[in-house]
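Hello,

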Amino acid sequence: MPNRKQLLILTVAVTVALLVGYIPQFLRARGLQQELETVRQQLNGCQSRNRAAALRDMMGLAYLEVNQKNYGVAGQHAARFFERAGQVRAETSDPGLQNALGQAMSRRDEITAGLARGDSAVTAPIETTYRELLSAAPGA
């Protein structure tokens, strides 16, 4: 009989010891997991703002080049902008940016054709697009 009692006490003691070691580690791991998720969300937000800023800068460069009558270079900047704009629009959760990019995409043919022709009238839709992007992603 004493062996059974000692075995039961030993089993309870080992179980308690395991729990005492496991519970703090579990709580620490869960806290770190939550912290990691917060950092991931912040990173996603930063990456989204970075993509918006890059698009804004591409259109800004196109606008600058159009004002200097460098339609070929402006066309290259605009082409890169339009290549990325659809993708960023699909990825972003910012409704203002989605709207601005949708408006920009609706002007794609007008801007591309105007730049290909070297038409100075293309300045207006590029300027409008650039201003909308500045409003949608001001400090991105």
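Of the contacts in the chain with a separation of 6 or more, 63% are between residues 24 or more positions apart; a contact means heavy atoms within 4.5 Å. This is a predicted model, in which local features need pLDDT of at least 70, side-chain atom pairs count only at pLDDT 80 or more, and totals for chains, interfaces and linings use all residues. Residues are numbered from 1 along each chain as its sequence is written, and side-chain values use heavy atoms, with hydrogens and water left out.

The chain has 5 helices and 0 strands; these are DSSP runs numbered from the N terminus, with helices (H or I) of at least four residues and strands (E) of at least two. The radius of gyration, taken over C-alpha atoms, is 29 Å, well over the 14 Å that the globule rule gives for 140 residues (2.2 Å times the number of residues to the power 0.38), so the chain is more spread out than a compact globule. Along the principal axes, the C-alpha atoms fill a box of roughly 100 × 25 × 20 Å.

Buried residues make up 26% of the 140, where buried means under 20% relative accessible area with a 1.4 Å probe, counting protein chains only.

Helix H5 covers residues 123-136. Its 14 residues reach 20 Å from first C-alpha to last, close to the 20 Å expected at 1.5 Å a residue; the expected span is 1.5 Å times one less than the number of residues. Thr123, Pro125, Ile126, Thr129 and Leu133 are buried in H5.

Regards

Notes:
Buried means under 20% relative accessible area, exposed over 50%, partly exposed in between (1.4 Å probe, protein chains only).
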